[in-house]
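Subject: Structure handover

Hello,

Here is the structure you asked for. My notes on it follow below.

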Amino acid sequence: MNKPVRHISVFVGVLVLALLVQATWVQFVRSDELSNHKDNKRVKIASFAQPRGNIIVGGQPVTGSSETTGDYKYKRTFKDGEMYAPVTGYSSQLYGNSQLEYVNNKLLSGTDDKLFLQRTTDMLTGKKPHGGDVVTTIDPKAQKAAFEGLGKYKGAVVALDPRSGKILALASTPSYDPSVFAGNTLKDQEAYKKLEADKDKPLVNRAIKERYPPGSTFKILTAAAALEHGIVTDINAKGSAPVPYPLPLSTTKVRNDVQTEECVNGSLKAGLQWSCNNVFLDLADKLGKDKMRETAEKFGFNNKDIFIPNGTVESIYPKNLDRPQTALTGMGQGSLDSTPLQIAMMTAALANDGKLMKPYLVEELRDPNLNTLEKHKPEVMSQAVSADTAKKVQQMMENTAQNGTGKKALIDGVTVGAKTGTAQHGVNNEKLPYAWFVSYAKQADGSPVAVAVFIDPEGSGIDRDEISGGGLAGPIAKKVMQAVITK
(Lines give C-alpha, C1' and ligand atoms only; values in the text may rest on other atoms or scores of the structure.)
Protein backbone atom coordinates (compact mmCIF):
# COMPACT_ATOMS: atom_id res chain seq x y z
CA MET A 1 0.00 0.00 0.00
CA ASN A 2 1.46 3.34 -1.00
CA LYS A 3 1.83 6.14 1.49
CA PRO A 4 -1.15 8.38 0.42
CA VAL A 5 -3.56 5.43 0.45
CA ARG A 6 -2.26 4.38 3.88
CA HIS A 7 -2.87 7.90 5.22
CA ILE A 8 -6.39 7.93 3.80
CA SER A 9 -7.10 4.49 5.34
CA VAL A 10 -5.91 5.62 8.76
CA PHE A 11 -7.97 8.81 8.48
CA VAL A 12 -11.11 6.87 7.50
CA GLY A 13 -10.49 4.42 10.33
CA VAL A 14 -10.27 7.26 12.83
CA LEU A 15 -13.53 8.70 11.50
CA VAL A 16 -15.27 5.32 11.80
CA LEU A 17 -13.92 4.91 15.34
CA ALA A 18 -15.12 8.42 16.23
CA LEU A 19 -18.59 7.59 14.88
CA LEU A 20 -18.69 4.39 16.94
CA VAL A 21 -17.59 6.25 20.08
CA GLN A 22 -20.20 8.97 19.46
CA ALA A 23 -22.96 6.40 18.84
CA THR A 24 -22.03 4.54 22.02
CA TRP A 25 -21.92 7.82 23.97
CA VAL A 26 -25.36 8.88 22.70
CA GLN A 27 -27.02 5.48 23.14
CA PHE A 28 -25.69 4.61 26.57
CA VAL A 29 -24.14 7.54 28.41
CA ARG A 30 -26.62 10.23 27.28
CA SER A 31 -29.67 8.01 26.79
CA ASP A 32 -31.48 9.15 29.95
CA GLU A 33 -30.65 12.82 29.32
CA LEU A 34 -31.95 12.70 25.75
CA SER A 35 -34.99 10.60 26.66
CA ASN A 36 -36.01 13.13 29.27
CA HIS A 37 -35.13 16.23 27.27
CA LYS A 38 -37.94 18.79 27.20
CA ASP A 39 -37.78 18.99 23.39
CA ASN A 40 -37.92 15.22 22.78
CA LYS A 41 -41.50 15.01 21.55
CA ARG A 42 -41.34 11.29 20.70
CA VAL A 43 -40.84 10.30 24.31
CA LYS A 44 -43.63 12.62 25.34
CA ILE A 45 -45.97 11.14 22.71
CA ALA A 46 -45.09 7.64 23.93
CA SER A 47 -45.82 8.56 27.55
CA PHE A 48 -49.35 9.64 26.62
CA ALA A 49 -49.97 6.76 24.19
CA GLN A 50 -51.77 4.62 26.80
CA PRO A 51 -53.89 5.19 29.91
CA ARG A 52 -51.88 6.32 32.92
CA GLY A 53 -51.99 4.33 36.15
CA ASN A 54 -54.00 5.80 39.01
CA ILE A 55 -53.43 7.43 42.38
CA ILE A 56 -55.65 5.71 44.94
CA VAL A 57 -57.30 7.25 48.01
CA GLY A 58 -59.43 5.16 50.34
CA GLY A 59 -59.50 2.28 47.84
CA GLN A 60 -60.79 4.46 45.00
CA PRO A 61 -58.91 6.23 42.17
CA VAL A 62 -58.87 10.03 42.29
CA THR A 63 -57.26 10.17 38.86
CA GLY A 64 -58.06 8.76 35.44
CA SER A 65 -57.24 9.04 31.72
CA SER A 66 -59.41 10.16 28.81
CA GLU A 67 -58.88 9.84 25.05
CA THR A 68 -58.03 12.95 23.08
CA THR A 69 -57.30 13.86 19.47
CA GLY A 70 -53.90 14.79 18.08
CA ASP A 71 -50.42 13.47 18.87
CA TYR A 72 -51.20 12.71 22.49
CA LYS A 73 -53.78 9.93 22.68
CA TYR A 74 -54.63 10.22 26.40
CA LYS A 75 -54.65 13.02 28.94
CA ARG A 76 -54.95 12.97 32.72
CA THR A 77 -58.24 13.51 34.53
CA PHE A 78 -58.75 14.27 38.22
CA LYS A 79 -61.65 13.64 40.58
CA ASP A 80 -62.14 16.33 43.26
CA GLY A 81 -59.04 17.93 41.76
CA GLU A 82 -58.83 20.94 44.07
CA MET A 83 -59.15 18.85 47.21
CA TYR A 84 -56.51 16.31 46.20
CA ALA A 85 -54.09 18.51 44.21
CA PRO A 86 -51.67 18.85 47.20
CA VAL A 87 -51.49 15.03 47.20
CA THR A 88 -51.57 14.09 43.52
CA GLY A 89 -49.97 17.15 41.96
CA TYR A 90 -50.60 17.65 38.26
CA SER A 91 -49.81 15.71 35.08
CA SER A 92 -49.90 17.97 32.06
CA GLN A 93 -49.04 17.39 28.41
CA LEU A 94 -47.59 20.90 28.37
CA TYR A 95 -46.13 21.44 31.84
CA GLY A 96 -45.00 17.99 32.96
CA ASN A 97 -45.71 16.52 36.39
CA SER A 98 -45.57 17.48 40.08
CA GLN A 99 -46.00 15.87 43.51
CA LEU A 100 -46.85 12.13 43.33
CA GLU A 101 -47.44 12.41 39.58
CA TYR A 102 -43.76 13.43 39.28
CA VAL A 103 -42.17 11.16 41.87
CA ASN A 104 -43.98 8.08 40.52
CA ASN A 105 -44.09 9.12 36.87
CA LYS A 106 -42.35 6.02 35.49
CA LEU A 107 -44.66 3.65 37.32
CA LEU A 108 -47.80 5.60 36.41
CA SER A 109 -46.76 5.92 32.75
CA GLY A 110 -45.86 2.22 32.55
CA THR A 111 -42.12 2.69 31.81
CA ASP A 112 -40.76 1.68 35.22
CA ASP A 113 -38.32 -1.26 35.24
CA LYS A 114 -40.51 -2.79 37.95
CA LEU A 115 -43.11 -3.36 35.20
CA PHE A 116 -40.69 -5.08 32.77
CA LEU A 117 -42.33 -8.49 33.10
CA GLN A 118 -45.78 -6.94 32.76
CA ARG A 119 -44.75 -5.01 29.62
CA THR A 120 -43.22 -8.13 28.08
CA THR A 121 -46.38 -10.15 28.74
CA ASP A 122 -48.58 -7.39 27.31
CA MET A 123 -46.43 -7.26 24.16
CA LEU A 124 -46.67 -11.02 23.62
CA THR A 125 -50.43 -11.15 24.27
CA GLY A 126 -51.27 -7.96 22.39
CA LYS A 127 -52.81 -6.44 25.49
CA LYS A 128 -52.89 -2.64 25.66
CA PRO A 129 -50.12 -1.44 28.03
CA HIS A 130 -51.12 0.36 31.21
CA GLY A 131 -49.31 2.05 34.08
CA GLY A 132 -49.18 0.88 37.68
CA ASP A 133 -51.03 2.44 40.63
CA VAL A 134 -49.90 4.49 43.63
CA VAL A 135 -51.88 3.72 46.79
CA THR A 136 -51.80 6.62 49.24
CA THR A 137 -52.22 6.76 53.02
CA ILE A 138 -54.80 9.56 52.78
CA ASP A 139 -58.07 9.14 54.68
CA PRO A 140 -60.72 10.59 52.32
CA LYS A 141 -62.98 11.74 55.18
CA ALA A 142 -60.09 13.50 56.92
CA GLN A 143 -58.97 15.12 53.65
CA LYS A 144 -62.48 16.40 53.00
CA ALA A 145 -62.80 17.77 56.54
CA ALA A 146 -59.45 19.55 56.16
CA PHE A 147 -60.16 21.02 52.73
CA GLU A 148 -63.70 22.14 53.48
CA GLY A 149 -62.66 23.44 56.90
CA LEU A 150 -60.04 25.75 55.38
CA GLY A 151 -62.68 27.07 52.99
CA LYS A 152 -62.00 30.69 51.98
CA TYR A 153 -58.76 30.98 53.97
CA LYS A 154 -55.20 30.62 52.73
CA GLY A 155 -53.72 27.83 54.78
CA ALA A 156 -52.82 24.20 55.23
CA VAL A 157 -53.75 21.15 57.28
CA VAL A 158 -51.60 18.10 57.94
CA ALA A 159 -52.91 15.08 59.85
CA LEU A 160 -50.64 12.18 60.81
CA ASP A 161 -51.04 8.82 62.48
CA PRO A 162 -48.40 9.26 65.23
CA ARG A 163 -47.99 5.49 65.61
CA SER A 164 -46.82 4.89 62.03
CA GLY A 165 -46.18 8.25 60.35
CA LYS A 166 -49.00 7.81 57.83
CA ILE A 167 -50.18 11.10 56.36
CA LEU A 168 -53.96 11.02 56.74
CA ALA A 169 -54.68 14.50 55.35
CA LEU A 170 -52.58 16.95 53.34
CA ALA A 171 -54.58 20.02 52.38
CA SER A 172 -53.52 23.41 51.05
CA THR A 173 -55.70 26.36 50.07
CA PRO A 174 -56.36 28.10 47.80
CA SER A 175 -55.91 25.09 45.57
CA TYR A 176 -56.40 24.35 41.86
CA ASP A 177 -57.95 21.72 39.61
CA PRO A 178 -55.13 19.93 37.70
CA SER A 179 -57.64 18.92 35.01
CA VAL A 180 -57.86 22.47 33.62
CA PHE A 181 -54.35 22.35 32.15
CA ALA A 182 -53.86 18.60 31.68
CA GLY A 183 -54.00 18.91 27.87
CA ASN A 184 -51.98 20.94 25.37
CA THR A 185 -54.50 23.40 23.95
CA LEU A 186 -54.50 27.18 24.10
CA LYS A 187 -57.17 26.88 26.78
CA ASP A 188 -54.82 24.77 28.89
CA GLN A 189 -52.06 27.33 28.49
CA GLU A 190 -54.34 30.18 29.53
CA ALA A 191 -55.57 28.24 32.58
CA TYR A 192 -52.01 27.52 33.78
CA LYS A 193 -50.80 31.09 33.23
CA LYS A 194 -53.76 32.41 35.19
CA LEU A 195 -52.94 30.12 38.13
CA GLU A 196 -49.25 30.99 37.95
CA ALA A 197 -50.02 34.73 38.03
CA ASP A 198 -52.45 34.47 40.96
CA LYS A 199 -51.00 36.42 43.93
CA ASP A 200 -52.48 33.84 46.35
CA LYS A 201 -50.21 31.15 44.84
CA PRO A 202 -52.66 28.26 44.40
CA LEU A 203 -49.98 26.13 42.73
CA VAL A 204 -47.83 26.18 45.89
CA ASN A 205 -48.33 23.37 48.41
CA ARG A 206 -48.38 25.33 51.67
CA ALA A 207 -48.35 22.14 53.75
CA ILE A 208 -44.83 21.10 52.72
CA LYS A 209 -43.32 23.84 50.54
CA GLU A 210 -43.78 27.03 52.59
CA ARG A 211 -42.40 28.07 56.01
CA TYR A 212 -44.06 30.25 58.63
CA PRO A 213 -43.33 31.30 62.23
CA PRO A 214 -45.13 28.67 64.34
CA GLY A 215 -46.11 31.00 67.17
CA SER A 216 -47.30 29.50 70.41
CA THR A 217 -47.67 25.96 69.02
CA PHE A 218 -43.88 25.78 69.44
CA LYS A 219 -44.32 26.15 73.19
CA ILE A 220 -44.98 22.42 73.43
CA LEU A 221 -41.45 21.81 72.10
CA THR A 222 -39.99 24.40 74.50
CA ALA A 223 -41.81 22.64 77.34
CA ALA A 224 -40.40 19.29 76.20
CA ALA A 225 -36.87 20.76 76.02
CA ALA A 226 -37.16 22.22 79.54
CA LEU A 227 -38.24 18.85 80.96
CA GLU A 228 -35.75 16.82 78.95
CA HIS A 229 -32.79 18.98 80.05
CA GLY A 230 -33.87 19.23 83.68
CA ILE A 231 -34.66 22.95 83.68
CA VAL A 232 -38.10 21.94 84.99
CA THR A 233 -38.73 18.80 87.02
CA ASP A 234 -42.18 19.55 88.43
CA ILE A 235 -44.74 20.88 85.94
CA ASN A 236 -46.80 22.34 88.82
CA ALA A 237 -43.92 24.18 90.51
CA LYS A 238 -43.91 27.98 90.39
CA GLY A 239 -41.41 29.60 88.05
CA SER A 240 -39.60 32.93 88.19
CA ALA A 241 -40.76 34.72 85.04
CA PRO A 242 -42.32 38.16 85.64
CA VAL A 243 -45.08 39.82 83.61
CA PRO A 244 -44.34 41.63 81.35
CA TYR A 245 -41.14 39.76 80.60
CA PRO A 246 -37.97 41.82 80.04
CA LEU A 247 -36.26 40.41 76.96
CA PRO A 248 -32.59 39.66 77.82
CA LEU A 249 -30.06 42.33 76.78
CA SER A 250 -32.92 44.51 75.57
CA THR A 251 -35.27 47.27 76.72
CA THR A 252 -38.20 45.37 75.18
CA LYS A 253 -40.83 43.93 77.50
CA VAL A 254 -43.03 41.15 76.15
CA ARG A 255 -46.65 40.94 77.28
CA ASN A 256 -49.13 38.07 77.31
CA ASP A 257 -52.25 37.80 75.20
CA VAL A 258 -54.23 36.31 78.08
CA GLN A 259 -54.29 38.53 81.17
CA THR A 260 -54.23 36.21 84.17
CA GLU A 261 -52.32 36.20 87.43
CA GLU A 262 -51.47 32.54 86.79
CA CYS A 263 -48.84 33.70 84.29
CA VAL A 264 -46.93 35.72 86.91
CA ASN A 265 -44.09 33.40 87.99
CA GLY A 266 -46.29 30.72 86.46
CA SER A 267 -45.70 26.99 86.49
CA LEU A 268 -45.03 25.11 83.26
CA LYS A 269 -48.52 23.63 83.38
CA ALA A 270 -50.20 27.02 83.85
CA GLY A 271 -47.89 28.53 81.23
CA LEU A 272 -49.11 26.06 78.60
CA GLN A 273 -52.74 26.26 79.74
CA TRP A 274 -52.87 30.06 79.28
CA SER A 275 -50.09 30.32 76.67
CA CYS A 276 -48.01 32.60 78.91
CA ASN A 277 -45.26 34.13 76.78
CA ASN A 278 -43.17 35.05 79.82
CA VAL A 279 -42.89 31.43 80.98
CA PHE A 280 -41.54 30.19 77.64
CA LEU A 281 -39.27 33.14 76.94
CA ASP A 282 -37.67 32.49 80.34
CA LEU A 283 -37.30 28.76 79.72
CA ALA A 284 -35.68 29.26 76.31
CA ASP A 285 -33.26 31.77 77.79
CA LYS A 286 -32.31 29.34 80.56
CA LEU A 287 -31.91 26.45 78.10
CA GLY A 288 -29.78 28.48 75.70
CA LYS A 289 -29.54 28.25 71.93
CA ASP A 290 -27.66 24.93 71.76
CA LYS A 291 -30.07 22.90 73.89
CA MET A 292 -33.09 24.49 72.21
CA ARG A 293 -31.68 23.73 68.76
CA GLU A 294 -30.66 20.20 69.77
CA THR A 295 -34.21 19.41 70.86
CA ALA A 296 -35.74 21.05 67.78
CA GLU A 297 -33.51 19.00 65.50
CA LYS A 298 -34.60 15.76 67.18
CA PHE A 299 -38.15 16.68 66.15
CA GLY A 300 -37.05 17.22 62.52
CA PHE A 301 -35.95 20.86 62.30
CA ASN A 302 -32.89 21.65 60.13
CA ASN A 303 -33.39 18.38 58.23
CA LYS A 304 -33.09 18.78 54.45
CA ASP A 305 -33.83 15.13 53.77
CA ILE A 306 -37.49 14.70 54.68
CA PHE A 307 -39.20 13.10 51.68
CA ILE A 308 -42.77 11.82 51.86
CA PRO A 309 -41.81 10.81 48.98
CA ASN A 310 -42.14 14.39 47.63
CA GLY A 311 -39.37 16.69 48.75
CA THR A 312 -40.27 19.10 51.55
CA VAL A 313 -38.88 22.47 52.53
CA GLU A 314 -36.49 22.39 55.50
CA SER A 315 -37.89 23.85 58.72
CA ILE A 316 -35.41 26.18 60.39
CA TYR A 317 -34.15 26.55 63.95
CA PRO A 318 -31.20 28.94 63.36
CA LYS A 319 -27.72 28.22 64.68
CA ASN A 320 -26.29 31.66 65.38
CA LEU A 321 -28.79 33.26 67.75
CA ASP A 322 -28.06 35.77 70.49
CA ARG A 323 -29.82 35.67 73.89
CA PRO A 324 -32.87 37.78 72.98
CA GLN A 325 -33.35 35.86 69.71
CA THR A 326 -33.07 32.54 71.55
CA ALA A 327 -35.64 33.66 74.13
CA LEU A 328 -38.08 34.63 71.37
CA THR A 329 -37.89 31.15 69.85
CA GLY A 330 -39.28 29.82 73.13
CA MET A 331 -42.64 31.31 72.14
CA GLY A 332 -42.28 30.38 68.46
CA GLN A 333 -41.21 33.77 67.15
CA GLY A 334 -37.94 35.40 66.09
CA SER A 335 -35.98 33.72 63.30
CA LEU A 336 -37.82 30.41 63.67
CA ASP A 337 -39.73 29.11 60.63
CA SER A 338 -41.57 25.86 60.00
CA THR A 339 -43.76 24.01 57.55
CA PRO A 340 -47.18 22.81 58.73
CA LEU A 341 -45.87 19.26 58.14
CA GLN A 342 -43.06 19.84 60.66
CA ILE A 343 -45.48 21.20 63.27
CA ALA A 344 -47.66 18.12 62.76
CA MET A 345 -44.56 15.91 63.19
CA MET A 346 -43.69 17.68 66.44
CA THR A 347 -47.23 17.15 67.77
CA ALA A 348 -47.34 13.53 66.61
CA ALA A 349 -44.02 12.67 68.29
CA LEU A 350 -45.22 14.03 71.63
CA ALA A 351 -48.50 12.14 71.26
CA ASN A 352 -46.51 8.98 70.51
CA ASP A 353 -44.55 9.07 73.80
CA GLY A 354 -41.64 10.95 72.25
CA LYS A 355 -41.06 8.63 69.28
CA LEU A 356 -41.01 10.47 65.94
CA MET A 357 -42.08 8.30 63.01
CA LYS A 358 -41.02 9.21 59.48
CA PRO A 359 -44.03 10.74 57.68
CA TYR A 360 -45.10 8.99 54.48
CA LEU A 361 -47.77 9.45 51.84
CA VAL A 362 -47.54 6.24 49.79
CA GLU A 363 -48.72 2.94 51.28
CA GLU A 364 -47.85 0.75 48.31
CA LEU A 365 -47.01 0.63 44.61
CA ARG A 366 -48.75 -1.99 42.49
CA ASP A 367 -48.80 -3.20 38.90
CA PRO A 368 -51.82 -3.05 36.54
CA ASN A 369 -52.96 -6.46 37.81
CA LEU A 370 -53.06 -5.11 41.39
CA ASN A 371 -50.01 -7.09 42.48
CA THR A 372 -47.92 -5.30 45.12
CA LEU A 373 -44.54 -4.14 43.86
CA GLU A 374 -43.49 -2.22 46.98
CA LYS A 375 -45.11 -1.78 50.38
CA HIS A 376 -44.02 0.88 52.82
CA LYS A 377 -42.69 -0.13 56.23
CA PRO A 378 -43.00 2.46 59.02
CA GLU A 379 -39.65 3.89 60.12
CA VAL A 380 -38.55 5.59 63.34
CA MET A 381 -36.85 8.94 62.68
CA SER A 382 -35.78 9.56 66.26
CA GLN A 383 -36.66 9.30 69.91
CA ALA A 384 -37.15 13.06 70.12
CA VAL A 385 -37.61 13.08 73.90
CA SER A 386 -38.06 10.42 76.56
CA ALA A 387 -41.44 8.79 77.10
CA ASP A 388 -41.59 10.38 80.55
CA THR A 389 -41.09 13.88 79.12
CA ALA A 390 -43.65 13.27 76.36
CA LYS A 391 -46.24 12.02 78.83
CA LYS A 392 -45.82 15.15 80.95
CA VAL A 393 -46.34 17.31 77.86
CA GLN A 394 -49.42 15.23 77.00
CA GLN A 395 -50.77 15.83 80.50
CA MET A 396 -50.33 19.59 80.02
CA MET A 397 -51.81 19.60 76.50
CA GLU A 398 -54.84 17.65 77.71
CA ASN A 399 -55.26 20.14 80.55
CA THR A 400 -55.01 22.98 78.00
CA ALA A 401 -57.80 21.39 75.97
CA GLN A 402 -59.99 20.83 79.00
CA ASN A 403 -59.35 24.00 80.98
CA GLY A 404 -57.37 26.42 78.82
CA THR A 405 -57.17 27.83 75.30
CA GLY A 406 -57.67 24.53 73.44
CA LYS A 407 -61.34 23.85 74.22
CA LYS A 408 -62.43 24.15 70.58
CA ALA A 409 -60.91 20.74 69.87
CA LEU A 410 -62.71 18.76 72.60
CA ILE A 411 -64.56 15.63 71.44
CA ASP A 412 -67.06 13.85 73.70
CA GLY A 413 -65.73 10.55 75.01
CA VAL A 414 -62.23 11.09 73.55
CA THR A 415 -59.05 12.30 75.26
CA VAL A 416 -57.77 15.34 73.38
CA GLY A 417 -54.56 17.32 73.81
CA ALA A 418 -54.27 20.72 72.17
CA LYS A 419 -52.33 23.97 71.84
CA THR A 420 -53.25 27.21 70.11
CA GLY A 421 -50.88 29.56 68.33
CA THR A 422 -50.96 33.08 66.96
CA ALA A 423 -47.82 34.21 65.14
CA GLN A 424 -46.77 37.74 64.27
CA HIS A 425 -46.53 38.45 60.56
CA GLY A 426 -44.70 41.23 58.74
CA VAL A 427 -42.39 44.04 59.83
CA ASN A 428 -43.55 45.33 63.22
CA ASN A 429 -46.48 42.91 62.93
CA GLU A 430 -48.25 45.21 60.45
CA LYS A 431 -49.91 42.28 58.65
CA LEU A 432 -52.66 40.13 60.11
CA PRO A 433 -51.19 37.43 62.40
CA TYR A 434 -51.14 33.78 61.43
CA ALA A 435 -53.46 31.42 63.28
CA TRP A 436 -52.28 27.93 64.30
CA PHE A 437 -53.74 24.99 66.17
CA VAL A 438 -52.24 21.60 67.02
CA SER A 439 -54.01 18.69 68.65
CA TYR A 440 -54.18 14.94 68.98
CA ALA A 441 -56.88 12.43 69.86
CA LYS A 442 -56.01 9.54 72.15
CA GLN A 443 -57.71 6.15 72.41
CA ALA A 444 -56.92 2.87 74.16
CA ASP A 445 -54.27 1.79 71.60
CA GLY A 446 -52.52 5.16 71.47
CA SER A 447 -53.10 8.26 69.41
CA PRO A 448 -54.52 7.53 65.93
CA VAL A 449 -54.30 11.14 64.78
CA ALA A 450 -52.34 14.34 65.34
CA VAL A 451 -53.23 17.50 63.45
CA ALA A 452 -51.61 20.82 62.61
CA VAL A 453 -53.79 23.59 61.16
CA PHE A 454 -52.31 26.79 59.75
CA ILE A 455 -54.34 29.80 58.54
CA ASP A 456 -53.17 33.02 56.90
CA PRO A 457 -56.21 35.33 57.22
CA GLU A 458 -54.74 38.05 54.99
CA GLY A 459 -57.33 39.08 52.39
CA SER A 460 -60.18 37.18 54.08
CA GLY A 461 -61.93 40.29 55.38
CA ILE A 462 -61.62 39.20 59.01
CA ASP A 463 -60.72 41.80 61.67
CA ARG A 464 -57.43 41.49 63.60
CA ASP A 465 -59.30 41.24 66.93
CA GLU A 466 -61.14 38.15 65.68
CA ILE A 467 -58.00 36.20 64.85
CA SER A 468 -56.97 33.41 67.19
CA GLY A 469 -55.67 29.91 66.75
CA GLY A 470 -58.48 28.48 68.85
CA GLY A 471 -61.21 30.42 67.11
CA LEU A 472 -60.16 29.96 63.47
CA ALA A 473 -58.10 26.78 63.37
CA GLY A 474 -59.41 24.82 66.39
CA PRO A 475 -62.75 23.79 64.85
CA ILE A 476 -60.97 22.50 61.73
CA ALA A 477 -58.64 20.35 63.82
CA LYS A 478 -61.61 18.93 65.68
CA LYS A 479 -63.43 17.95 62.46
CA VAL A 480 -60.34 16.28 61.05
CA MET A 481 -59.82 14.26 64.24
CA GLN A 482 -63.49 13.26 64.29
CA ALA A 483 -63.23 12.09 60.68
CA VAL A 484 -60.33 9.79 61.57
CA ILE A 485 -61.68 8.30 64.80
CA THR A 486 -65.30 7.93 63.62
CA LYS A 487 -65.46 4.86 61.40
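Which residues make a nonpolar surface patch of about 770 Å²? They are Ile8, Phe11, Val12, Leu15, Val16, Leu17, Leu20 and Val21. Patch residues have over 30% relative accessible area and no salt bridge, with nonpolar side chains joined within 5 Å; a salt bridge is a Lys or Arg side-chain nitrogen within 4 Å of an Asp or Glu carboxyl oxygen. Areas come from the Shrake-Rupley method with a 1.4 Å probe.

This is a predicted model: local features need pLDDT of at least 70, side-chain atom pairs pLDDT 80 or more, while totals for chains, interfaces and linings use all residues. Numbering runs from 1 along each chain as its sequence is written, and side-chain values use heavy atoms, without hydrogens and water.

Val16 sits in helix H1 (residues 3-29); helices are DSSP runs of at least four residues, strands of at least two. At a relative accessible area of 43%, Val16 is partly exposed (buried is under 20%, exposed over 50%, partly exposed in between).

Inside, the largest nonpolar core has 76 residues, and Leu170, Phe218 and Leu268 have the most contacts within it. Such a core joins buried Ala, Val, Leu, Ile, Met, Phe, Trp, Tyr and Cys residues through side-chain atoms within 4.5 Å. Helix H15 (residues 340-351) gives the largest share, 9 residues. A second, separate core of 34 residues includes Ala145 and Ile455.

There is also an open sheet of 5 strands with mixed pairing, in the order E2-E1-E7-E13-E14. Strands E2 (60-61) and E14 (372-375) are at the edges with a single partner strand each, so one side of each has no neighbour in the sheet. Pairing requires at least two DSSP bridges.

Regards

Notes: Patch = residues over 30% accessible without salt bridge, like charges linked within 9 Å, V, L, I, M, F, W, Y side chains within 5 Å. Buried < 20%, exposed > 50% of the residue type's maximum accessible area, 1.4 Å probe, protein only.
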